[in-house]
Amino acid sequence: MSVGLPERTPTNLLVGGQWVQTATHLEVINPATLGSLAEIGDATPEQGLEAVAAAHDAFQTWGVSSARSRAEILRKAFEIMTAEIEDCARLIVLENGKAWRDAMGEATYAAEFFRWFSEEAAHVQGDFRYGPNGDKTIITDYRPMGVAYMITPWNFPAAMATRKLAPAMAAGCTSILKPAAETPLTALWVADVLERAGAPAGVVNVVTTSKSGPVSEAILSDPRVATLSFTGSTYVGKLLLEQTAKRVLPSSMELGGNAPFLVLEGADVDAAVEGAMVAKMRNGGAACTAANRFYVHASVADEFAMKFEAALRGMKIGPGIDQSNDLGAMVSVKERDKILEIVEGASNEGLATTAVSEAPGEGAFLSPYVIRDVQHGSSLTRNEIFGPVAPIVTFEDQAEAIRMANDTEYGLISYVFAKDAGEGIKVARQMESGMVAINRGIASDPAASFGGMKESGLGREGGFDGMHEFLETQYFAVDL
Ligand code: NAP
């Protein structure tokens with residue numbers, strides 16, 4: 001396989017169905033080689049507003065088009081993306097750094113949002129009931145909100161884009177997507193797929209920029225924009241909420257996580273290790289859903305740590321484009337160094353921090369770490385690590401483990417390994433997180449409601465809830 005970019009890799013902005021040149025450009029770097037991959041458009045705030053105008057114009061017809069016609073475009077996008085899935089995976093690997101298997105997993109998951117929402121598009125259900133006083137009938141109706149502004153992070157450049165674009169299109173909204181500066185090529189490729197699938201001009205617009213703050217501020221201040229859908233850090237999410245509050249703009253927020261991974265007394269240790277390898281290592285640990293802290297019952301703590309370390313030691317580290325590698329590069333040297341700083345902090349706290357293997361010297365590579373004997377409250381349990389570092393806290397008392405697991409401002413996902421599903425659900429009901437994976441290392445599914453409690457977010461993506469984020473509820477009081 002060629003290590004170059006796929007033949008169809010747009011690099012300009014997409015505005016009103018046209019690929020638009022910009023005066024200045026932004027460089028995209030391959031984190032595995034630190035070499036340049038491409039130069040892409042660097043939009044100004046004015047160009048952001050041109051995208052708003054295009055999306056607003058397109059909404060006038062798209063917003064009243066039939067659900068079936070929108071569904072067919074989404075289905076076609078699923079088919080194109082599936083036929084060209086390796087191009088998508090290659091782009092993800094080249095600009096994000098992750099391993100080939102992770103990139104194929106992401107590309108497949110991303111395409112599934114097109115299929116899922118093509119099926120959901122025609123299933124919006126309103127409600128009809130009689131007023132309890134008998135004086136009227138009550139009709140609950142839904143309609144598309146309008147122009148949606150979407151901001152996505154670098155860790156899942158395809159899936160975070162399709163998880164927003166697909167429900168917005170199904171609902172009848174038009175979009176302006178602003179991908180992360182590190183990984184814009186995959187988002188542009190996804191937009192090109194939608195163009196080829198027949199999305200009318202202006203339904204999907206993509207703005208890439210090095211000035212995400214000013215460009216977003218201009219877009220969010222424009223009264224033609226009806227909603228914001230953001231995925232990224234809690235820090236930036238709060239900054240954006242301050243801006244959207246000024247216009248009381250509906251804001252869907254998929255934010256940071258600090259997922260606990262519980263291995264309870266009597267749990268199957270081998271299954272827990274297998275689950276930990278997925279929950280911790282998918283995407284090299286750079287996932288909002290990544291297991292961030294492990295709470296393991298004292299009776300199995302040594303066995304779990306030993307087996308987990310052995311499995312991690314077996315991972316081959318190197319460029320994701322080589323399909324034999326299990327762990328690719330971090331997205332940038334800066335992100336890699338942030339993780340190393342967290343490890344250094346743990347070492348300063350007196351913990352033994354030796355990497356389980358050696359990573360290649362060139363590129364943003366990092367070896368996994370298992371850090372044992374961690375105390376709950378250590379910086380390792382407080383910070384979102386976003387890399388292949390696994391701190392293990394040992395516990396004796398299950399109630400105390402649940403308390404420690406919930407002792408965080410985040411609440412995206414928890415992992416519970418229990419002796420059986422019944423006990424798993426009992427514990428899951430006590431977890432303060434929007435999602436709980438029970439005796440498994442992954443929960444994400446386009447058909448399920450994805451989202452967090454507490455500072456992990458507002459709203460849900462996927463499932464049917466994902467479409468509701470782009471629908472306005474309207475109630476008609478009628479004398480019938
Ligand atoms: P980030 O720094 O918050 O950036 C996310 C996006 O926000 C990027 O597109 C970024 O653009 C943009 N941005 C940054 N500052 C902005 C501003 N002032 N105004 C408007 N946009 C701004 O997050 P990240 O480092 O890319 O991603 C990692 C974080 O995302 C983690 O905390 C992770 O947990 C979270 N995440 C959450 C979910 C979820 O579903 N809950 C999924 C994936 C990731 P630039 O690239 O140009 O800075």
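## Ligand surroundings

A polar contact is a pair of N or O atoms within 3.5 Å. In this predicted model, a backbone N or O atom of G232 lies 3.3 Å from an oxygen atom of the ligand. A polar backbone atom of A181 is 2.9 Å from a ligand oxygen atom. For L255, a backbone N or O atom is 2.7 Å from a nitrogen atom of the ligand.

There are 30 residues around the ligand, and those that come nearest are T152, R163, S233, L255 and E384.

## Helices α3 and α4

Helix α3 covers residues 85-96 and helix α4 covers residues 100-120; they pack at an angle of about 125 degrees, with axes 8 Å apart. The two helices are therefore oblique to each other, and the crossing of α3 and α4 is right-handed.

On the α3 side the contact is made by I85, E86, C88, A89, R90, I92 and V93, and on the α4 side by W100, A103, M104, E106, A107, T108 and A111. By class, this contact has 10 nonpolar, 1 polar and 3 charged residues.

## Helices α2 and α6

Helix α2 (residues 67-83) packs against helix α6 (residues 184-196) at an angle of about 125 degrees, and their axes are 8 Å apart. This angle makes α2 oblique to α6. The crossing of α2 and α6 is right-handed.

From α2, residues A77, I80 and M81 meet W189, V190, V193, L194 and R196 of α6. The contact of α2 with α6 has 7 nonpolar residues, no polar residues and 1 charged residue.

Conventions
Residues numbered from 1 in each chain as written. Predicted model: local features only at pLDDT ≥ 70, side-chain atom pairs only at ≥ 80, totals over all residues. Heavy atoms only, no water. Axes fitted to C-alpha atoms, helices over the stretch in contact; angles between N-to-C directions. Helix = DSSP H or I, 4+ residues; strand = E, 2+ residues; numbered from the N terminus. Parallel < 35°, antiparallel > 145°, perpendicular 65-115°, else oblique. Left-handed = near helix turned anticlockwise from the far one by under 90°. Contact = heavy atoms within 4.5 Å. Nonpolar A, V, L, I, M, F, W, Y, C, P; charged D, E, K, R; others polar. Near = heavy atom within 4 Å. Polar contact = N/O pair within 3.5 Å; in protein donor to acceptor, adjacent residues only side chain to side chain.
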